[in-house]
Amino acid sequence: MQQTFPGLLMAHAGQRPDAPAMREKAFGIWQTLSWSKLAEMVTDIAGAMHEAGLQRGDHMVVIGSNRPRLYATMLAAQSLGAIPVPLYQDAAGAECVFPINNADIKFAVVEDQEQVDKLLDVREQCPQIARIVYDEPRGLRKYDEACLTAMDDFLVQGKAFTQKNPQFVAGEIAKCQPSDVAAMFFTSGTTGNPKGVVHTHNSLLDRASVGARFDKLTPADEVLAYLPPAWIGQNIFSYAQWLAVGYVVNCPESAATVTIDLKEVGPTYYFAPPRVFEGLLTSVMIRMEDAGAIKRKMFHHFMDLAKRVGPAKMDGKALGFFDGLHYALGDLMVYGPLRNNLGMSRVRVAYTAGEAIGPDLFSFYRSIGVNLKQLYGSTETAVFVCLQPDHQAKADTVGVPCEGVEIKLSESGEILVRSPGLLREYYKNPTATAEVLTADGWYHTSDAGFLDADGHLKIIDRVKDVGRIKGGRFDGAMFAPKYVENKLKFFSFVKEAVAFGDQRDRVCVMVNIDFDAVGNWAERQNLPYAGYTDLSQKAAVYDMIKACVEKVNADLSRDEMLAGSQISRFLILHKELDPDDGELTRTNKVRRGFIADKYSALVDGLYADKTEQFIETQVKFEDGRTGSVSATLQLRDAQIFEPVKQAA
Amino acid sequence: MSTQKIGDVILDVENISLRFGGVNALSNISFNVREHEVRAIIGPNGAGKSSMLNCINGVYQPQEGQITFRGQTFKHMNSRQVAEMGIARTFQNLALFKGMSVIDNIMTGRNLRIKSNLFLQALRFGPAEREECEHREYVEQIIDFLEIQAFRKTPVGQLPYGLQKRVDLGRALAMEPQVLLLDEPMAGMNMEEKQDMSRFILDVNEEFGTTIVLIEHDMGVVMDISDRVVVLDYGKKIGDGTPEEVRNNEEVISAYLGTSH
């Protein structure tokens, strides 16, 4: 049955009024907000908003972290048929101007003084803002702007309104249709203005319940909401699925307490981008290296065992009797306590998404008994396109298309998606909408990929970056630079990699070593070095990186479509790629074209089979001065493997 | 909570002189503090700023002069009596219990307000338990206010210096003081920590309505957050007024920058 957000809220409040809906820590104790209390709060806020002039179809911004009253605000706006537009709480004031003006927003509900200041700063550019409601009054006592209202006062006004008009909000909720617009999310455009992605109640809730059915989520599940609510991922996990299933959403006290709160709450359903999992693993490893010798030995012994048998166990395969017993002992001594320390004791389903996750990182969590899986989706698809079923999680695929999703590949290898969760349009931007949404309902993801033999979707790269090898041994083979680079970057020694090969006869790569990791390794090898440039050109370092490159090649050779992307030559750069020098974007993505131009001598050297090449480059120091770095770099060959045909 | 109006004189310091043997630490100092204001005491090293605070706070007994707090005049009073009257302080060199957690440290600030006897407290029985919950609630409000939720249970000795300063402030706030004496709250901090601390001091003043007397070396901070400033030099008062007045005071300029003769 099709439903709306406020409709679901009222249903929960009616069926299980005393069940917990949200928890937030106050006075150091988790305080529970029940569904009925939440419904009451939503009704009051909606009443006050109506009095303040919020109309059906109006947009309203919500800026702040995960706070129950901000979630209640979104529900209240939806109850009145208005459209909440969550914005990132760490965006600068200027970045909020476009969304606010684009959606002609008069009404804002924000978390605290920081956000109020931000909006007051841009008031000249957005003169239509008539009302700003703030949740946390601290520091705002002296502000006398007429447009400011404290949430506490707002709730009192709302309560008075509800007492006079007890049936008003319920009546408004009844007018909401599943096909109405429910929310709008702005995507961070790398070029040009951000685009407002318009979703209906139906598109969000359909996907939310498909995901919930897939993982058999129940009202007893617990979630910790700690990522920005403006991001569709968090919005689905702690808002759409929360209402669709009726589980408990826990709000951390502050960003600094997330790890503590994670341990206290012990979520059963968990979601994080790969960098969070990586950060957790690093902190564990550092603490283990500082532990006593016996503990360290025990840890490494059982981690070796986990590496060997853990993933198989997670995939539902039976272990041998001895291994099974050994693993059970490990679970008692190491894996259990470790999961507890990570706050993952109770995790039943954990997801990672957003970027590629390294196979070692991925299998670490699975081997200690955390059911970590991957999914594929975007803001435009309301997240759920592909999901990995339990027991079938692989590091290099993103799972099978989930219920209601159709996937096909365009001629250029682009993944096209058709599902009930697609965006309705980009707000006031028919040109952009037409670019991604075809008349017969297919959405262009601009990702290149394919379905493997098991029906799992594999993402290779952005379509515009995928090229072809021309001439040579692998003539005509597909070349996916990002895929190759990522495989290299999964080694802790490799910080960045830049792959070339489009319209060339083979693939060559420039590698940036990770100074900390390689420096640490060099110290343990008793290898003296003077600095980054010196270290990067050591023969031993080259040998080590060569081993990494060849492992990648061996891996690629097993891949039918990408065997041609094997790396035939590589070099190690003498300086770190840096956004200040224009080599990386501000979000640390390599600018391949710029690097190819800047280091054209090196690229030519690689393809001309030279063994060394002199290069001098300008560098910009942080204080704005410029200098130059020069070095003679070695260029090395790497072994290429025969493509292996894999038996499916 | 309070409205932000600076009120009448709450603390009046009259003709205080303090001598250590032949050294005149303070000579004939008079100034007053009004309710809800932020009052700064500045001066070069050895000017007598900390001695002045120690007199107000009952640690030192001045040889001459008297101090009037809310109409009550006292000459000889120990620090506990002063604390009971509603004057709290923080220390230039932190005086926290390093091995105790942040919560326990701040709880010690509630000491004066705990009424149940030691026996009941030890058993955590009946009224003692109820009372502890009330105090803990107040301490939690302070923790929330100072944004140190992530360190509740961390032993104070493990925290960085800037956070220890915050805990010190928290313990003083736990007394629910009417007047808060801050001895160099920003010493040894970097720019960002100073900004945070200034924010907290102003918030305390605004949210709790606490009157604040602070000693500080950073002139930028003093001029930004104080309502009025007293300037001491070699135990004498050489200036008193708004930051603007003090800044233009010839004597103050020469004390700080030296004069050419």
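Biologist: What separates domain 1 of chain B from domain 2 of chain B, and how far apart are their C-alpha centres?

Modeller: The C-alpha centres of the two domains of chain B lie 27 Å apart. This is a predicted model, in which local features need pLDDT of at least 70 and side-chain atom pairs count only at pLDDT 80 or more, while totals for chains, interfaces and linings use all residues. Residues are numbered from 1 along each chain as its sequence is written, and chains are lettered from A in the order in which they are written.

Biologist: What makes these stretches of chain B domains?

Modeller: Domain bounds come from an automatic or database domain assignment. For chain B, that assignment gives domain 1 (1–86 + 178–261) and domain 2 (99–176). Their contact takes 10 residues from domain 1 of chain B and nine residues from domain 2 of chain B, where contact requires C-beta atoms, placed from the backbone, within 7 Å.

Biologist: Which helix gives the most to the side of domain 1 of chain B that touches domain 2 of chain B?

Modeller: H7(B) does, with four residues. The residues of that side divide into seven nonpolar, one polar and two charged. Here Ala, Val, Leu, Ile, Met, Phe, Trp, Tyr, Cys and Pro count as nonpolar, Asp, Glu, Lys and Arg as charged, and the others, Gly among them, as polar.

Biologist: Why is H2(A) called roughly perpendicular to H6(A)?

Modeller: Helix H2 (residues 35–51) and helix H6 (residues 151–164) of chain A pack at an angle of about 90°, with their axes 7 Å apart. Angles of 65 to 115 degrees count as roughly perpendicular, those under 35 as roughly parallel, those over 145 as roughly antiparallel and the rest as oblique. H2(A) is therefore roughly perpendicular to H6(A). Among the residues making the contact are A:Ile45 of H2(A) and A:Phe161 of H6(A). By class, this contact has five nonpolar, five polar and three charged residues.

Biologist: How do you know that the core of 186 residues lies between the domains of chain A?

Modeller: Domain 1 (5–271) and domain 2 (466–637) of chain A both give residues to this core, so it lies between them. A nonpolar core is a set of buried Ala, Val, Leu, Ile, Met, Phe, Trp, Tyr and Cys residues joined through C-beta atoms within 7 Å. A residue is buried if 20 or more other C-beta atoms lie within 10 Å of its own, exposed if 12 or fewer, and partly exposed in between. The residues with the most contacts inside the core include A:Leu9, A:Ala108 and A:Val511.

Terms used: Axes fitted to C-alpha atoms, helices over the stretch in contact; angles between N-to-C directions. Helix = DSSP H or I, 4+ residues; strand = E, 2+ residues; numbered from the N terminus. Contact = placed C-beta atoms within 7 Å.
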